[in-house]
Amino acid sequence: MGYLEKIPELAPLYEGADYVEEKTIEGTASLEGFIIGMMRKPSWLRLLYTLRKVLVRPFGIRQESSLEGELRPEDISYVADDRCRAFTVTCGREDDYLALHIDDPHLKGQVIMAAVPLATGGKRFHVGTVVHFNNRFGPIYFRLILPFHHLVVGAMMRRGANA
């Protein structure tokens, strides 16, 4: 069990999950700065999202990109059901954690970002991915994108950690 699963408000998100992952990185950013830094879009990531749009068409997946425009501090909400780019806020607590979800016909994906203060003055950032498959296409689609998911999330975390 990872750090995120131990937060009482987040534990229900993990129930019955088909895929769970938690990654960590240390940095100096605030949680808000980390989130904004993670959502920045370098050209290679824009290219991957363009490729994704083409590849997912047969699955009936929304073509909306979660990385359109620059995210600003006022775009971040911790209130359930508010929007944050292509995501919907599940729950959050300012300076502590933010859980976002996206619902597609084949799966529901949660991304959870949390900041834990360190004695050194920095923070340990936790990023969780929780996926629930909605139908038989969910696992197929997810297996196709999983190698890219690891690359993208790792790169996004590195950008966010010291933003």
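The model is predicted: local features need pLDDT of at least 70, side-chain atom pairs count only at pLDDT 80 or more, and totals for chains, interfaces and linings use all residues. Residues are numbered from 1 along each chain as its sequence is written, and side-chain values use heavy atoms, without hydrogens and water.

**Nonpolar cores**
- The largest nonpolar core has 26 residues. Such a core is a set of buried Ala, Val, Leu, Ile, Met, Phe, Trp, Tyr and Cys residues joined through side-chain atoms within 4.5 Å; buried means under 20% relative accessible area with a 1.4 Å probe, protein chains only.
- Phe 34, Ile 35, Leu 98, Leu 100, Met 113 and Val 127 touch the most other members.
- At least two residues each come from α2 (31-38), β3 (87-93), β4 (97-103), β5 (107-117), β6 (123-133) and α4 (137-161). Helices (H or I, at least four residues) and strands (E, at least two) are DSSP runs, numbered from the N terminus.
- α2 gives the largest share, five residues.
- A second, separate core of 11 residues includes Leu 4, Leu 10, Tyr 97 and Ala 99.

**Helix pair α2 and α4**
- The two helices pack at about 135°, with axes 7 Å apart. Axes are lines fitted to C-alpha atoms over the stretch in contact, and angles run from 0 to 180 degrees between N-to-C directions.
- Gly 33, Phe 34, Gly 37 and Met 38 of α2 meet Met 156, Met 157, Arg 159, Gly 160 and Ala 161 of α4 (contact: heavy atoms within 4.5 Å).

How values were computed: Buried < 20%, exposed > 50% of the residue type's maximum accessible area, 1.4 Å probe, protein only.
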